[in-house]
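Work through the exercises below with the sequence and the 3D structure open beside you. Try each task on your own before you read its solution.

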Amino acid sequence: MNILISCPGMMFETVNILKNEFAMAGFGTIAAGNSHQIAGLYAADRAYVVPSVSEPEYIPALLKICRQEDVKAILTFLDRDILRLAEAAAEFRDIGVEPMVVNLAAAKICDNKLSMFEFLSERGFKCAHTVSSLQEFQAELDRGLIGFPVFVKPVVGDGSRGTMKCCNIHDVALAWRDCPDMLIQEYLDGPEYDIDLYVDTISKRMVSVFAKEKLVKVIGGTATGLSMRDQALFDLVDKLAQELGLTGALNIEVFNVAGEYYIGEVNPRFGATYIGAYACGINFAPLIINNIEGRENLPQPSDYSSGICMMKYPQVLKVTAANISFGSI
């Protein structure tokens with residue numbers, strides 16, 4: 001029996017952690033990506049090169065791997081892949097594979113920053129004020145409803161890619177000219193937190209949570225973080241997960257602005273720095289195994305310590321023919 005991780009990217013250490021944890025439950029780990037030059041592939045027991053997520057042959061290739069490798073569940077580390085897997089969820093379940101991704105409605109909201117803003121605003125969650133046109137931005141700027149600096153970012157995008165901080169209307173216009181499918185968000189001035197949580201796929205309850213303050217940020221994640229605990233923050237992400245209908249491993253970005261929590265990004269997948277949570281004793285792998293096997297998880301104690309500093313550092317992966325067995329489809 002195996003678990004398939006699609007689009008592992010550079011998350012070699014996360015794949016390695018999951019592989020070792022899954023092995024203790026009798027599961028192997030298969031990885032699939034669109035190139036041999038993907039570091040995460042080399043942490044798995046076996047890997048496949050498949051078409052890119054955007055190609056029509058992508059899902060059929062994954063289904064074929066699942067049949068060949070006795071796969072029981074599939075999960076992904078890539079935002080763009082979540083929507084594809086959610087759309088194809090019935091196809092996977094038809095062959096006995098459980099897609100460990102959110103439902104399609106939640107996937108569509110999380111994939112679109114404007115839809116997320118509308119969802120959060122309608123339900124009373126504090127979030128960055130967002131506008132979707134230059135005309136609307138100018139009107140709200142004139143009325144004092146938004147001010148500089150602001151962020152211009154793609155409506156659909158991964159991490160911070162394509163995001164530009166703008167301090168005047170000229171910069172906003174330039175950013176908009178380069179890519180019209182953009183939106184404008186107010187700048188949230190305050191400490192930023194990264195929350196990893198697991199919502200049981202059966203009970204739909206949050207059963208594990210870990211938070212850290214982002215001390216040093218890089219594109220797509222946190223370079224240095226400091227573990228922290230706040231029940232109000234935990235309650236907020238729990239409420240958000242329930243109202244959005246999120247399940248599985250999740251990552252949510254939250255800002256503290258003048259003592260109030262504002263929701264930032266919602267990533268319905270493993271966070272890029274989940275390894276920090278794992279290092280502090282937060283282990284999602286047994287929760288995943290229980291859900292795959294039809295067992296409901298009970299809430300886990302979040303008994304990690306506050307004030308633990310976690311620092312990511314680059315490593316080099318040397319690849320030879322003996323590193324891993326690549327399958328063929």
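**Exercise 1. Find the residue of β2 that stands opposite leucine 4, and describe the sheet around this pair.**

Solution. Leucine 4 stands opposite isoleucine 30 in β2, where strands are DSSP runs of E with at least two residues and helices are runs of H or I with at least four, both numbered from the N terminus. The model is a predicted one, in which local features need pLDDT of at least 70 and side-chain atom pairs count only at pLDDT 80 or more, while totals for chains, interfaces and linings use all residues. Residues are numbered from 1 along each chain as its sequence is written, and side-chain values use heavy atoms, with hydrogens and water left out.

Next, look at the strands themselves: β1 and β2 run parallel and are joined by five bridges, and two strands count as paired if DSSP finds at least two bridges between them. Then widen the view to the open sheet of six strands, whose order is β5-β4-β1-β2-β3-β16 and whose pairing is parallel. At its edges are β5 (98-99) and β16 (325-326), each of which pairs on one side only.

**Exercise 2. Describe how α2 packs on the sheet, and list which of its residues are buried.**

Solution. Helix α2 touches β1, β2, β3 and β4, and its direction makes about 160 degrees with that of β1; contact means heavy atoms within 4.5 Å, and angles run from 0 to 180 degrees between N-to-C directions, with axes fitted to C-alpha atoms, for helices over the stretch in contact. The buried residues of α2 (residues 58-68) are Tyr58, Ile59, Ala61, Leu62, Leu63, Ile65 and Cys66, where buried means under 20% relative accessible area, exposed over 50% and partly exposed in between, for a 1.4 Å probe and protein chains only. After α2 comes aspartate 70, whose phi is positive, near 50 degrees.

**Exercise 3. Decide how α1 and α11 are oriented to each other, and name the residues in contact.**

Solution. Helix α1 (residues 12-24) and helix α11 (residues 285-292) pack with their axes 9 Å apart, at an angle of about 50 degrees. That makes α1 oblique to α11, since angles under 35 degrees count as roughly parallel, over 145 as roughly antiparallel, 65 to 115 as roughly perpendicular and the rest as oblique. The contact is made by Leu18, Glu21 and Phe22 of α1, together with Ala285, Ile288 and Ile289 of α11.

**Exercise 4. Work out how many disulfides the whole structure holds, and examine cysteine 166.**

Solution. A search of the whole structure finds zero disulfides, a disulfide being a pair of cysteine sulfur atoms within 2.5 Å. For cysteine 166, the nearest cysteine sulfur is that of cysteine 167, 7.5 Å away. Cysteine 166 also counts as buried, because its relative accessibility is 0%.
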